[in-house]
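Hi,

Here is the model I promised to pass on.

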Amino acid sequence: MSLTLAQDADADALLDRDPSALLTGMLLDQQIPMERAFAAPAELARRLGTDHLDAREIAAYDPEKLVAIFAATPALHRYPKAMAARVQALHTVIVERYDGDVTGIWSDVADGQELVARLRALPGFGAQKAQIFTALLGKQRGVTPQGWREAAGSYGEEGSHRSVADVVDAASLELVRDFKQKAKAAAKSGK
């Protein structure tokens, strides 16, 4: 299954072939539209002059220059300075703990709980983001350690439209948006 998270063929192609780009998109998916967050890794790669995101390169990149890359028009995120630092911290952890191979986060996990725990240990990944990414890996990338659906919580439910994990085309994106708007409205009304 090809990813359609950025709703842009070139950006989605990078997400498909580069797990580091996919993880980076997930990190950036906050306080900006999902499509923009998942398109940002392709633009970051382009600005770095490459066709993929290399954890070692990003971890070693001059922090001020990385901020400048994030802040260049159009900015890669609403908060370019903070997110450049967070992306660099994420890739530093990937280098230090997984020898620069992002798939090491999930390739040898015993079960879904371990996967969620490893994701939660990453910079910028809280409980909810870790569960959503676990669901995304299980539903769309074939990463299905024992108990992954349970570890992903409601995001792992089959047939749900709660998060990026459930976006497979433009129609499912609209269903996810609708779910999020209803959840926000319910939270505001105290239900």
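Before the notes, one convention: helices (H or I, at least four residues) and strands (E, at least two) are DSSP runs, numbered from the N terminus. Keep in mind that this is a predicted model, where local features need pLDDT of at least 70, side-chain atom pairs count only at pLDDT 80 or more, and totals for chains, interfaces and linings use all residues. Residues are numbered from 1 along each chain as its sequence is written, and side-chain values use heavy atoms, with hydrogens and water left out.

Pockets next. On a 1 Å grid over the protein atoms alone, a pocket is an open set of points where a 1.4 Å probe fits, with protein on both sides within 12 Å along at least five of seven lines, and lining residues have an atom within 4 Å of a point. Grid points are joined across faces, edges and corners, and a volume is the space filled by probe spheres set on the points.

The second largest pocket holds about 240 Å³. It has 17 lining residues, with A11, A39, A40, A42 and E43 closest to the centre. Two elements, α1 and α3, each give two or more residues to that lining, and α3 has the largest share with 7 residues. By class the lining of this second pocket has 9 nonpolar, 1 polar and 7 charged residues (Ala, Val, Leu, Ile, Met, Phe, Trp, Tyr, Cys and Pro count as nonpolar, Asp, Glu, Lys and Arg as charged, and the others, Gly among them, as polar).

The largest pocket comes to about 620 Å³. Of the 24 residues lining it, R162, V176, K180, Q181 and K184 sit nearest its centre. Two or more residues come from each of α3, α8 (127-140) and α10 (170-189), and α10 provides the largest share, 8 residues. The lining of the largest pocket splits into 11 nonpolar, 6 polar and 7 charged residues.

So how do α1 and α3 pack? Helix α1 (residues 9-17) and helix α3 (residues 34-48) cross at about 90 degrees, their axes 8 Å apart. Axes here are lines fitted to C-alpha atoms, for helices over the stretch in contact, and angles run from 0 to 180 degrees between N-to-C directions. The pair is therefore roughly perpendicular (65 to 115 degrees; under 35 is roughly parallel, over 145 roughly antiparallel and the rest oblique). On the α1 side A11, L14 and L15 meet F38, A39, P41, A42 and A45 of α3, contact meaning heavy atoms within 4.5 Å. That contact has 8 nonpolar, no polar and no charged residues.

The peptide bond from T73 to P74 is cis, with omega near -10 degrees, and P74 is in the loop between α5 (63-71) and α6. Q31, in the loop between α2 (19-28) and α3, has a positive phi near 60 degrees without being a glycine. Q31 is exposed, at 54% relative accessible area (exposed is over 50%, buried under 20%, partly exposed in between, with a 1.4 Å probe and protein chains only). D99 is another non-glycine residue with positive phi, near 55 degrees; D99 lies in the loop between α6 and α7 (112-120) and is exposed at 58%.

Lastly, E96 in helix α6 (residues 80-98) counts as exposed at 61% relative accessibility.

Cheers
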